[in-house]
Amino acid sequence: MKPPTADGQPAGAPPVGCVEAGAAPPVACVVVCVVVVVVVAGAVVVCTVVVAVVAAVVIGVLACVVTGGGVSVAPLSLEPLEPQAPTASATSRPSGSARTRGSIWMMLASGVGGTPRGGQPEPVASPTRLRYARVPGASQWVGRSFELRFPVERRQGGANDTMSVKYAVLGLLAQRRGYGYDLVQRFEEQVGPAWQLNAGAIYVALDKLEQEGLVKPLVAGDGADQPVRRRTARGAPRVIYEATPQGLERFEDWMATGSSMAPLREELHLKLALSQPRNLARLIELTYEQEEACLERLEQHRGGTAFDDLLASAQPWPAVASVMVRDAEVAHLQATVHWLRSIREAMRWLQERPEALRSRG
Amino acid sequence: MALLSLDGVTKRYARGYREVEALAGVGLEVEAGDFVAIWGASRSGKTTLLRVAAGIEAPDGGRVAFDGHDLAARSRRTRARLLLTDIGCVWQTGRITRGLSVLDHVALPRFKQSSHAQARGEAHDVLERVGVPQAAGARWHELTDGERTRVALAHALIRRPRLLLADEPTANLNMIEREQVLGVLRSVADEAGVAIVMTAPDAPNLLQSHRLMSLDGGRLIKPRSEQPGTLIDFPRAGRRAGRSG
């Protein structure tokens, strides 16, 4: 009744079902297997890539470090600031090439150089930070271009300043012998407050002069005709110095040679140079504040002998010379106030006409 | 109480089609015996400041008080009388009572109180003190600018004012004359206790004063030591030191 088929009826139904049931698990297995293989392979590839990238980065970093700071110079040259860009890039190159391997390692070890590279997301801020952080304070070009230690230097005086104080001490000792504090007082009296002498500088100068053999100490108490007290308030003996013949000769030489001029370094000049047109209102306020400071300094000279008055009356030369020196600061302060007034006027003018700035680029 | 006090004084002028802010919130207190010097370039508002302080011009804003009384609240007549008695002024463009000799012009304020001879004697003294005894017999047109300034100063000083407002009294003077005038002003402040406000275009002139200020664009700039928040007594202490030195 039932035609025998190739499959066979009795075995047909179960085999069909068997075949269908048996066919389904292998397909699923294959799919699962493929998926698993792909996933595993993908993971392996990803891991490999990651390892490779990490390795490449590590190798690259090491290579850069070993070959001498190529990486550290690159961000330095990325100077986006307009006015300082030429000087900064020009000066960064010699410092980069001159940098030795040892100093790099020292910087890395101290953690100075390493931090900004990873930590700074801003491309503008990081080179600046790098520039300041990488180069220690002793670097010359920082001192020349940016004068980071400006307030400190002004108080203590640069190398030039200490030289002058040294010769001033020599000169004071050439006038007459004296001890440290006496010299401080005579300096203040003859040169005036404008110098803002650090009393310690006198003692440093005395030490240096003594080393060079330009002054020599007298043992306290050996010159009985000393007009000065030979003991301090606490009874400690005072060291009294006098100039040696070599010292006098050196002083004469110094007096005869031309004088160096101190650079004009004002904090306000930096703020002005680094400002933006949008800062104008604040800058104008700053000029007012600066003028207040000038007036305060001028007040120190108020009531003293006027220069004009002095010429009108006959006075001994030291008094005349001292007033002349003081007059230098008065003249300087006066000129500063005139300058402040004129830049204030210019800034007000620009504030009213912002288009004037844009047209000039 | 301060003899003269200005508080937030503003003054604007029309100049052509533009408005000029001559004074922008000036605050100033002057005690008896103070010698205040105001340093400002031309057009900085110096003369306006003095005119407002004298009550000749009313400020647009703020308050001017002389001896504790608001000048704006006083009658015109009272203000005019103050100018003849308590407030002495020296202006750059000095004028003379027409037809009088310099001596009579200077002596004029004293004619009412004392005899003419006495008044003329006083006038002689004052003229000599400010350094122009030779001007006594002269007429105004015969005087130089420097002499005119000093005659105006003598005219202001002879009434013995309590407040002296001097607008560039050292202009047109040479070095020695300038010192003489400043010396007179200083001694008048120190000895007679007259409050003085003077102006000048440059600083060396002003270092003889007790207090130094700067005026620019109608804004009075005081030294930091006089800023609020610092020691109030400082200027006086500085003045004493200045006097002894």
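Analyst: This is a predicted model.

User: How many bridges join β9 and β10 of chain B, and in which sense do they pair?

Analyst: Strand β9 (residues 211–216) of chain B pairs with β10(B) over three bridges, in the antiparallel sense. At the level of residues, B:Asp216 has B:Arg219 in β10(B) as its bridge partner.

User: What is the strand order in the open sheet of four strands?

Analyst: That sheet, also in chain B, has the order β2-β1-β4-β5 with antiparallel pairing. Its edges are β2 (18–30) and β5 (69–70) of chain B, and because each has a single partner strand, one side of each is left without a neighbour in the sheet. Further in, β1 (residues 4–15) and β4 (residues 61–66) of chain B are antiparallel partners joined over five bridges. One place to look is B:Leu6, which stands opposite B:Val64 in β4(B).

User: Which residues have a positive phi although they are not glycine?

Analyst: The general idea is that most residues other than glycine have a negative phi. Two cases to look at here are B:Arg43, with a positive phi of about 70°, and B:Asp67, with a positive phi of about 60°. B:Arg43 lies in the loop between β3 (35–40) and α1 (46–54) of chain B. B:Asp67 is in the loop between β4 and β5 of chain B.

User: Are these two residues buried or exposed?

Analyst: The relative accessibility of B:Arg43 is 67%, so it counts as exposed. B:Asp67 has 33% and therefore counts as partly exposed.

User: How does the span of helix α10 in chain A compare with the span expected?

Analyst: Count the residues, then compare the end-to-end reach with what 1.5 Å a residue predicts. Helix α10 (residues 180–191) of chain A has twelve residues and reaches 16 Å from its first C-alpha to its last, close to the 16 Å expected. Its buried residues are A:Gly180, A:Asp182, A:Leu183, A:Val184, A:Arg186 and A:Phe187. After α10(A) comes A:Gly192, whose phi is positive, near 100°.

User: Which residues touch the most other members of the largest nonpolar core?

Analyst: In soluble globular proteins, nonpolar side chains tend to be buried together. The largest nonpolar core here has 62 residues, and those touching the most other members are A:Leu298, B:Leu127, B:Val151, B:Leu164, B:Leu185, B:Ile196 and B:Met198. Helix α14 (residues 280–301) of chain A gives the most to this core, with eight residues. Leaving aside neighbours within four places in sequence, B:Met198 has contacts that include B:Phe35, B:Ile38, B:Leu182 and B:Leu206. A second, separate core has 28 residues, among them B:Leu28, B:Leu50, B:Leu163 and B:Leu220.

User: How many aromatic pairs are there over all chains?

Analyst: There are three in the whole structure. In one of them, A:Tyr167 and A:Trp254, the ring centres are 5.1 Å apart and the planes are at 5°, so the pair is stacked. A:Tyr167 lies in helix α9 (residues 159–175) and A:Trp254 in helix α12 (residues 245–256), both of chain A, so the pair ties together parts that are 87 residues apart in sequence. A:Phe187 and A:Trp195 form an edge-to-face pair, with 5.8 Å centre to centre and 80° between the planes.

User: Are the residues of these two pairs buried or exposed?

Analyst: A:Tyr167 has 11% relative accessibility and counts as buried, while A:Trp254, with a relative accessible area of 31%, is partly exposed. Finally, A:Tyr167, A:Phe251 and A:Trp254 form one aromatic cluster.

Methods
Residues are numbered from 1 along each chain as its sequence is written. Chains are lettered from A and ligands numbered from 1 in the order in which they are written. Side-chain values use heavy atoms; hydrogens and water are left out. Two strands pair if DSSP finds at least two bridges between them. Helices (H or I, at least four residues) and strands (E, at least two) are DSSP runs, numbered from the N terminus. Buried means under 20% relative accessible area, exposed over 50%, partly exposed in between (1.4 Å probe, protein chains only). The expected span of a helix is 1.5 Å times one less than its number of residues. A nonpolar core is a set of buried Ala, Val, Leu, Ile, Met, Phe, Trp, Tyr and Cys residues joined through side-chain atoms within 4.5 Å. Contact means heavy atoms within 4.5 Å. Rings of Phe, Tyr and Trp (its six-membered ring) pair if their centres lie within 6.5 Å; planes under 30 degrees apart count as stacked, over 60 as edge-to-face and the rest as tilted.
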